[in-house]
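Here's a quick briefing to read with the structure open beside you. Take your time and look up each piece as you go.

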Amino acid sequence: MVPKLLADDSLLINYVNSLLKDAKSVMDAAKAVTFPLPLLAVAYQQLINGCSMKIEGELSPSPTKVYEQMFGMNIRDATKQPSYDPSELAQELTATAQRVKKIGFIGLGAMGFGMASHLLKSGFSVIAYDVYKPTLVKFAELGGLIGTSPREISKEVEVLLIMVATEAQAESVLYGDNGALSALPDGASIILCSTVSPGYVTDLEQRLKDGSKDLKLVDSPVSGGVIRAAEGTLTIMASGTNVALQNAGFVLSALSEKLYIIKGGCGAASSVKMVNQLLAGVHIASSAEAIAFGARIGIKTRKLFEIIQHSRGFSWMFGNRVPHMLESDYKPYSAIDIFVKDLGIVCNESSKMKIPVHVSIIAHQLFISGSASGWGRYDDSAVVKVYETLTGVKVEGKHAILSTADVLKLLPNEFGENPMENQDIIGNLNSKVLVVLDDDPTGTQTVHDIQVLTEWSTETLVEQFQKKPTCFFILTNSRALSSDKAVCLTKEICKNLEAAAKQVAGTSFTVVLRGDSTLRGHFPEEADAAVSVLGEMDAWIICPFFLQGGRYTINDVHYVADSDRLIPAGETEFAKDASFGYKSSNLKEWVEEKTKGRIPASSVSSISIDQLRQEGPDSVCKHLCSLKKGSVCIVNAASDRDMTVFAAGMIKAERQGKLFLCRTAASFVSARIAIIPKPPLQPKDLGIKRDSCGGLIVVGSYVPKTTKQVEELLSRFGANLKVIEISVDKVSMKSLEEREAEICRAFETANASIRAFKDTLMITSRKLITGKTPEESLDINYKVSSALVDIIRRIDIRPRYIIAKGGITSSDVATKALKAKSATVIGQALPGVPLWQLGPESKHPSVPYIVFPGNVGNNEALAKVAKTWARPPRCSTKQLLDDAEKGGYAIGAFNVYNMEGVEAVISAAETESSPAILQIHPGSLKEGGLPLVSCCLSAADRAQVPITVHFDHGSSKSDLLDALELGFDSVMADGSHLPFDENIMYTKFISSLACEKGILVEAELGRLSGTEDGLTVEEYESKLTDVAQAEKFMDETKVDALAVCIGNVHGKYPPGGPNLKLDLLKELHELTMKRGVSLVLHGASGLSQDLVKECINLGVRKFNVNTEVRSAYLESLKKPQKDLVQVMASAKEAMKVVISEKMHLFGSAGKA
């Protein structure tokens, strides 16, 4: 354009006249919509002035002549000055520039810090100063030197570089208190990189010349922004004397990609920078005015931007700044306040030279308005907010983030009746089989009692059609494939479906391409592939609504719920997917984007929420039937009822012969087949109790939601998990040997962990590695997924459960690692989280297989599922006794002394399916110590039946306090040797401490005679339990269980046999029942079976057993054995026989 201006091009003159007419049309249009165009208004006035002037008899002369006439200047003569190449001068300077050892640097702002850091990296010694101390500390951490004032850092430097914001700051660092000038060595050079007025630079140079130090000045404004400053790729304009440039040239070259030497001495470079800033500021402001005006008149701003990029109105600033406006991204690269200053310089200099700059002054006022509104530190593109604030328009091409509650509240009430309960609809549910091609396993999120096929031969499909199902899924896992492979796979399945349907009389089907509710996947490729086989459809149905995942489609815009906000899908992390990324949140525009314009947004139809809620299924049917063949129709929905209304309308349309291909999320499927939701399933619903192994959690998904969920899982249960991190780098980027070593390490560790009853988290390293293209990214994903498959395939221990996190991961684990050819969706583990049972052909039939989508649930969701399905914690003694009370049986508490005794109790309990208590007496604790306690606790944890660990006869406060810290489930505070009141105080003290820890406390009232583990109570010391005392004792101590003395003894009974006071037992039971206290009877060894059963009938819920088990152990030792292993086995078996008999006698067998 400038060459045409200087040449007085006649075509340009005609263009200016035409432009005047166009500008008037734009001004009229702006007036009609009440929109201010201040920049265009000034330009329009100048066009009027120029086109109406007459110079030397010439009407409408060239713009150059107009300016020359008005302002008395000769623009064209100025172009005849001797020409030179500023970049060639720079090359010459660089070749001869003097090397510099030490640089002083003042001003570590956004660009200054990058420049100083780059000089450090380039080998210069740099000492810096800035008023902001944290920046100085940061610079020092990089290896730079720092000072406390401009004066301090200026000593002994050869070059001082100043990068401050304003002339006043430059003046202060040079001439103010502790200023640099007083300390600079004679002959040093000053490089002034700040954008200041040319007049200030020439004045500064003169003052330096008038000084006595022979200081040299280089006028060197810079351009390029923060990133280029740090990279050393700035554009620098420099002017000054030859000597000054020689001294500074080496430094300027290090900082620049483009260096221009401007002739004319100091001030010349700043003049060039000033003109550059004039153009930049005007172009930014006019870009804001243009894009805001486009928004006001209803043009889609993103589309407007794309068009202008290829039009005459385009400029570099338009292309660079408008994207920030469209994204409302005002992170400062060059702030509004910069242009308040720089255009201020333009206006001041023009005033001095008596040259009006009409457009620049208006642009300056716009930037001042932006700064006054509080946006001064925003990026300069935020000047568009001035127009937005004045007019109320929003230029951003993205949709606003909304309040979920506010949006849903404003929607009309849902359709009144459930149309799927209409008999006419119910009668047609099975008219067509719904065949769901699921691009990953998570599509079963809303169904139950539905079959999933992982292979699709014609024979398999014939067998499936013969079952006359309402629906079945085919797991294609095509999202893990390249586009070409996904297309071939879809065609193959559709051909097999057609062939199978022909072999089963009366079979017709509708295909649903179940895709991601966040819009990822092979669209439109898979839809095109299906149509190429099945024939053209009346319409493609696009319905990504998924309530459980928080996906809503409202006014054709698809949203992803995040806490209490609705975020447009195009603004989420899912839209940035390396393989399936997109920009559009409006589904009509998304269709156009994904089809690359083949299906324009204007041709896409939609069914609104208003239509669904106010007009119902008949309106939906009418709408679908009216569509032109081959149409695309968007379905809006914000509730499951919206889905059922649409599904009912679609069924009606199908009855009229319409054919549809559906690309939907999970909610459509359950609505279409009228699935009645059921609550999430838990282990007890599947009859799962305490299995002997740990569970397996496999995480392959990389979406940020998954990473947050894993972090929450680890923060809550990390101590209970074995975490195995698989290096993505090793399995996808390194050699085959390194890959194999990593796979072996992972599976061997997992095998051992699961076998050791630990829930195991197997997770890929969280640093996302992507390829340069979507295809390369998919290949990396494949390598990682195949490594996971290989690891899990080698694990030979059956886990308690498997959670597979991520669609691709869950598919590959099921089909490739576990060899499942089919599965049944039995329900959900959490809303939106499918729970499968794999087919009998799989490696682990009937193991709960939880398909956990990567993009579902809040941060706590994975932790919640893992907690539900983890091996349940050890049952409490309180729970054991409460269950016994409800069931009318008793629990055996068996004294143990060593590992054989522990194993005998556990083995008997598991064999008899009986709960039991491992009981440690103070004497055995003294000998066995902590190892014995740990052995009991570990055995109880790993047992397949409820086992607890009890500390018996704690007659020492010290022993009991230790026991409370050792992990016992219950303790006996035995104060029976104390006077009654002291017994109460003793027991009450222990009971209060135990209550805080959730530990059951048993106490004894009365005193048994006999000997147990070295403790002997003579017959004359024994005492029956007093009923009145028992009542007071329980009320004051708040114990959970009470051991009573009704004539029972420790050890062997006298020759006459037991003499139990059963009437007393009955009275005591009546008291304990009222208080929820369990009755305990010590001395069960030697009681007849009838007497034991009678005691159980009278309320005894715990029997202590010692003598008979111990005797069996001692007797076994008398039998000769070859080695200790046989001794242990023999002793264990002997004790087990006795223990099993007791479990049957107590009635606990079969109660686990």
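## The barrel and its neighbours

Ile891 stands opposite Lys1102 in strand 40. Keep in mind that this is a predicted model, where local features need pLDDT of at least 70, side-chain atom pairs count only at pLDDT 80 or more, and totals for chains, interfaces and linings use all residues. Residues are numbered from 1 along each chain as its sequence is written, and side-chain values use heavy atoms, with hydrogens and water left out.

**Barrel**

- Strand 31 (residues 891-895) and strand 40 (residues 1100-1105) run parallel and are joined by four bridges; strands here are DSSP runs of E, at least two residues, helices are runs of H or I, at least four residues, and both are numbered from the N terminus.
- Strands count as paired if DSSP finds at least two bridges between them.
- With parallel pairing, eight strands make a closed barrel in the order 31-32-33-34-35-38-39-40.

**Helix 36**

- Thr877, Leu880, Leu881 and Ala884 are buried in helix 36 (residues 877-887), where buried means under 20% relative accessible area with a 1.4 Å probe, protein chains only.
- Seen down the axis of helix 36, the buried residues fall within an arc of 90°, so they line one face of the helix; the arc is that of the directions from the helix axis to the C-beta atoms.

**The annotated stretch**

- An unreviewed UniProt entry puts "domain: Four-carbon acid sugar kinase nucleotide binding" on residues 696-862, and such annotations may be inferred rather than shown by experiment.
- Over residues 696-862, the chain is 44% helix and 24% strand.
- How many residues of strand 26 (residues 759-764) are buried? Six of the six are, so strand 26 is largely enclosed by the rest of the structure.
- Asp759, Leu761 and Ile763 cover one side of strand 26, with Thr760, Met762 and Thr764 on the other.
- Strand 26 pairs in the parallel sense with strand 24 (residues 696-699) over four bridges, and with strand 25 (residues 721-726) over six bridges.

**Cores**

- The largest nonpolar core has 86 residues, and those with the most contacts inside it include Trp836 and Tyr849; a nonpolar core is a set of buried Ala, Val, Leu, Ile, Met, Phe, Trp, Tyr and Cys residues joined through side-chain atoms within 4.5 Å.
- Helix 28 (residues 640-655) gives the most to this core, with eight residues.
- Apart from that core lies another, of 74 residues, including Val933 and Leu1042.

Definitions and conventions
Buried < 20%, exposed > 50% of the residue type's maximum accessible area, 1.4 Å probe, protein only.
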